[in-house]
Amino acid sequence: WRHMQHVCNEVLRKRSGSAEGLLLFWKAFGMLQEGAISDSIREFEALAARQDAQIALPVKIALVHAYQQSKVTDGQEVMRLQDELELEDVNAPDRARLLAGLVLCHLGEGLSARKHVKRLLQLQPSFVPAITLLGWLEIQEAGKEEEPEDANARYVAAEQHFGKALEESSAKKDVEALMGRAKVHQAREQHKEALDFLDQVVVLHSWFLPALVEKFQVLVAMGDWEQAVETAERVRSQDPQNIEALRLMALYQLSQESKYSQAVNTLGELSAAIGQLEPLNAPLYHKAARPFARLAGRHRGVLQLTLKLIDRACKLAPTKCEYAAEYGYQQLLLGDLAGAANTLRHASALEDGSQDVVHHQIKCQILSGQLDEAEQQLEFISAVQDSLERTPEMALCHALLAQ
């Protein structure tokens with residue numbers, strides 16, 4: 001989200017013209033998603049004062065969401081904005097309604113987004129951006145489905161929408177629709193088909209790096225590490241600090257080559273890139289730290305870097321049990337048993353009954369020689385989870401005790 005703000009600022013600095021309002025909107029939205037609620041409210045209110053019909057509806061939607069996310073919610077202001085939102089919704093132009101649907105999609109409000117998209121399609125059945133967005137909404141909902149059959153039905157619907165969008169866009173080949181088709185095939189693990197659509201995007205729009213990023217992720221899933229690394233290097237030649245490309249390179253160095261010294265250098269670059277491009281993105285720090293700690297082979301240089309990454313996540317989100325538990329686990333990997341025990345006690349206080357915390361605590365007790373305490377805790381967990389499937393973590397704890 002910080003990267004989005006940087007891009008908007010860069011384009012605004014070079015040129016803006018009629019797109020100025022739209023760029024300022026996405027800049028403010030990036031602030032909102034990054035957690036800078038007060039700053040985003042100020043930006044959105046300044047945009048609302050412009051009374052630009054092309055962005056008025058999404059601005060009101062974003063403002064309502066921002067006020068609801070504030071530490072102290074102003075109920076009266078929210079009610080006032082919701083009243084204005086209803087009035088704005090009546091005569092919103094197509095561009096504003098499409099943007100509203102896209103914003104709601106990013107906010108995870110799929111049903112509300114769908115209403116706007118369907119109103120657009122009632123008036124313009126062949127409106128490609130709306131058809132494409134409907135496809136992405138189906139993909140979003142597919143990820144929430146618990147039953148595979150329901151998820152597949154969503155993917156089928158998404159594929160139909162993207163197919164229609166590509167038919168309507170004819171020779172222009174809508175980029176979002178092509179990426180959508182690729183994503184559907186990725187979800188179904190149809191990797192060759194996904195590559196075909198991604199290659200079409202790369203040929204038509206060589207500047208569009210997200211297609212190359214998706215391509216090397218598909219190549220990894222296919223086990224074609226050579227091409228995946230080549231593609232990641234191609235991305236880095238255009239964007240040296242590309243976070244996903246750096247993650248891929250570190251993954252290759254650790255999992256395929258066991259070159260820990262190179263991985264340390266790459267992880268250092270990754271940490272610097274996140275610090276510059278997404279400094280307030282706690283989930284990204286966690287996402288970057290967790291897998292590499294498990295691939296580190298207890299290499300202290302790698303683990304010290306992953307510990308710094310997860311430490312940053314903990315500082316950004318101090319109430320997040322998942323991050324504290326991961327920090328404690330990585331202390332455990334480094335052999336800091338006392339520090340791990342303290343961290344895991346703190347994590348347990350954040351979320352009582354967290355399975356991750358309990359499993360790490362049992363491992364910590366076993367490694368500390370507190371075998372009786374570990375056995376008692378493991379027996380209690382086993383009794384509580386008797387009706388549940390035995391997890392790999394539980395099996396590992398039993399094996400450690402049996403040694």
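In which helix is the place of L47? L47 belongs to helix 3, which covers residues 37-49; helices here are DSSP runs of H or I with at least four residues, and strands are runs of E with at least two, numbered from the N terminus. The structure is a predicted model, in which local features need pLDDT of at least 70, side-chain atom pairs count only at pLDDT 80 or more, and totals for chains, interfaces and linings use all residues. Residues are numbered from 1 along each chain as its sequence is written, and side-chain values use heavy atoms, with hydrogens and water left out.

L47 counts as buried because its relative accessibility is 3%. The word buried stands for a relative accessible area under 20%, exposed for over 50%, and partly exposed for what lies in between, with a 1.4 Å probe and protein chains only. From L47 the reader may pass to K60, which is 13 residues away in sequence and 9.7 Å away in space, C-alpha to C-alpha.

K60 forms a salt bridge with E84, and the closest N and O atoms are 3.6 Å apart. A salt bridge requires a side-chain nitrogen of Lys or Arg within 4 Å of a carboxyl oxygen of Asp or Glu, and 24 salt bridges are counted by this rule. The pair of E84 in helix 5 and K60 in helix 4 links distant parts of the chain, 24 residues apart. K60 is buried because its relative accessible area is 10%, while E84 counts as partly exposed at 28% relative accessibility. The two residues also belong to a network of salt bridges that links K60, E77, R80 and E84.

Another salt bridge joins the side chains of D89 and R119, at 3.1 Å from N to O. D89 lies in helix 5 and R119 in helix 7, so this pair ties together parts that are 30 residues apart in sequence. D89 is partly exposed, with a relative accessible area of 22%, and R119 is partly exposed as well, at 34%. A further salt bridge is formed by the side chains of K259 and E257, at 3.7 Å from N to O. K259 has a relative accessible area of 37% and is therefore partly exposed; E257 is partly exposed at 29%.

The aromatic rings come next. Rings of Phe, Tyr and Trp (its six-membered ring) pair if their centres lie within 6.5 Å; planes under 30 degrees apart count as stacked, over 60 as edge-to-face and the rest as tilted. The count by this rule is 8 aromatic pairs. One of them is the edge-to-face pair of F25 and W26, with 5.3 Å centre to centre and 75° between the planes. F25 counts as buried because its relative accessibility is 0%, and W26 counts as buried at 16%. W26 also pairs edge-to-face with F29, at 5.5 Å centre to centre and 90° between the planes. W26 and F29 both lie in helix 2 (residues 20-34), 3 residues apart, about one turn of the helix. Together W1, F25, W26, F29 and F44 form one aromatic cluster. Elsewhere, the charged end of K320 sits over the ring of Y323, 5.8 Å from its centre; this description requires NZ of Lys or CZ of Arg within 6 Å of the ring centre and within 35 degrees of the ring normal.

Finally, the text turns to the pockets. On a 1 Å grid over the protein atoms alone, a pocket is an open set of points where a 1.4 Å probe fits, with protein on both sides within 12 Å along at least five of seven lines, and lining residues have an atom within 4 Å of a point. The largest pocket has a volume of about 2,600 Å³, where volume is the space filled by probe spheres set on the points. Its lining has 44 residues, and M4, H106, E176, F208 and P210 lie nearest the centre. Among the elements that give two or more residues to this lining are helix 1 (2-14), helix 2 and helix 16 (282-294).

The second largest pocket has a volume of about 340 Å³. It is lined by 17 residues, of which I61, L85, L104, S112 and H116 lie nearest its centre. Helix 4 gives the most to this lining, with 5 residues.
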